[in-house]
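Hi there,

Here is the structure I promised to pass along.

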Amino acid sequence: MFANSLWALLPPVIAIALALITKEVYSSLMIGIIAGGLLYAEFNPVVAINHVFVDGMIAQIADPWNVGILIFLVVLGSVVMLMNRAGGSGAFGRWASEHVKTPVGAQLATIALGVLIFIDDYFNCLTVGSVMRPVTDKNRISREKLAYLIDATAAPVCIIAPISSWAAAVTGFVDGANGLTLFIRAIPYNLYAFLTFVMMLTLALGKFDYGSMKKAEKEHKEAIMPDGTLRHSSITGAEDQPNPPVSERGRVIHLVLPIVSLIVCCVIGMIYTGGFFDGESFVDAFANADASVGLVLGSMVALFITIIFYLATRVLNFEECMNAVPEGFKSMVPAILILTLAWTLKGMTDSLGAAEYVAGLVENFAENGMIMGFLPAFVFLIGAFLAFATGTSWGTFGLLIPIVVSAFHSDVNNELMIIAISACMAGAVCGDHCSPISDTTIMASAGAQCEHIRHVSTQLPYAATVAAVSFVGYIVAGFARSWLVALPVGIAMMLATLLVIRQRTEATEK
């Protein structure tokens, strides 16, 4: 009765709306999950309860991919806690305060690090957050702004990096054509990713903010105590606890080496799962990699390297290292709980056929032979809405990309198909970027130690601005069919839009 219809989109809409209204994410997700279970069971409470907990929550937690991500989160939390206890984070903060002395410099450094860590968005969120948090704190940048910069350099970077877990995922969803070739050809048309960079750089260099982010930045500066500490605590609750002893022997190397170990080990772990050591090429190994398993293997090895390094340099003793490991686990509990509920909500929407319903709209659009020049813009909107409602960009890829490819009969020489595939990827990243139930958004909050709903509400106006300009850009691309036209036009429109917003913001302050 409710499956494969517009009703299938109601549970995520309820959850997202309640989260934005109440600013409370746990109860909002639970209400959305219950609504999905009741719709699936046609309001039979016994069937609904069984579906929510057995087919939903337990099944999602038991999924090997999800288990891998949870383990990765726990290990990353432990590594970050070890770095803090060893004094590495504090030493890096002191070093950075000498070299990065302005808010603009801190934002540009955060963006640069986010671009450099292009292997995987989960790894990007937590690594950039742990490294740059001391720097942005020193330069009086709010945790909301840091969370936005982390989130905006996670998925948008991965979706234009040929060697990344995202490239591998997209490649796997393409049948009847060379997926990696299509991915590379679609990169110049990924307007949302490129315009997100334009947005970040313009805001940083222009020294302005607008909307709820501007309010958050003002509140942050007012919350800074004379000693430089904040009056409010972080999402993890770690700052609410008595401060544990921090080693006075910590140096910058005690943060740099664990981070480098994480990057190197996670890359090796990913290509290992893709068969690199069995004779596969580096590119093919990435295309076949299991990112979840690879990140677990890499992060575990990096954890052991970190502990051995700290013991060898006597910055921490064995007991202090072992005490830090469970504390790191505790710091990730809020993110793990939100992820679990978000995955359960996704399970409800999947069982109701929400994705298939939306994908059917795209297929009908293509089959009806409507004005094809508008197809990329339409695909972008559908991809953004589907990813926003379900919280998954990869699931959006899996449904929409095969439809787009089949609509053009796998004709790799058709430029409009390349544009439509790029629009699908851009829309999925856009929706994932905006959605409160997206795992990337959740981990960006955890990485920045920012309250999740505050991150979502402050980021949404920025992401929506880029999405609106990207939509117009895809109309241009659909008719011009050349990235040499579409991308410069999109950048020009983005800059003009931000200029107008800045002028109006300044005018309202006078």
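**A pocket and a patch**

In the second largest pocket, α18 gives the largest share of the lining, with 4 residues. Please keep in mind that this is a predicted model.

To put that helix in context, α18 covers residues 333-351, and other helices that each bring at least two residues to the lining of this pocket are α4 (64-85), α7 (121-138), α21 (393-407) and α23 (439-448). The space in the second largest pocket comes to about 380 Å³. Its lining has 21 residues, and those closest to the pocket centre are Trp65, Asn66, Trp343, Thr392 and Asp439.

Ile253, Val256, Val260, Val264, Ile268, Tyr272, Phe277, Val293 and Leu297 make up a nonpolar patch of about 760 Å². Which helix supplies the largest share of the nonpolar patch? That is α14, with 6 residues. Both α14 (253-273) and α16 (291-312) contribute at least two residues each to the nonpolar patch.

Ile253 has a relative accessible area of 41%, so it counts as partly exposed, and a patch residue needs over 30%.

Note on methods. Residues numbered from 1 in each chain as written. Predicted model: local features only at pLDDT ≥ 70, side-chain atom pairs only at ≥ 80, totals over all residues. Heavy atoms only, no water. 1 Å grid on protein atoms, 1.4 Å probe; cavity = no way out; pocket = protein on both sides within 12 Å on 5 of 7 lines; lining within 4 Å. Points joined across faces, edges and corners; volume = space filled by probe spheres on them. Patch = residues over 30% accessible without salt bridge, like charges linked within 9 Å, V, L, I, M, F, W, Y side chains within 5 Å. Areas by Shrake-Rupley, 256 points an atom, 1.4 Å probe, with all protein chains shown as cover. Salt bridge = Lys/Arg side-chain N within 4 Å of Asp/Glu carboxyl O. Buried < 20%, exposed > 50% of the residue type's maximum accessible area, 1.4 Å probe, protein only.
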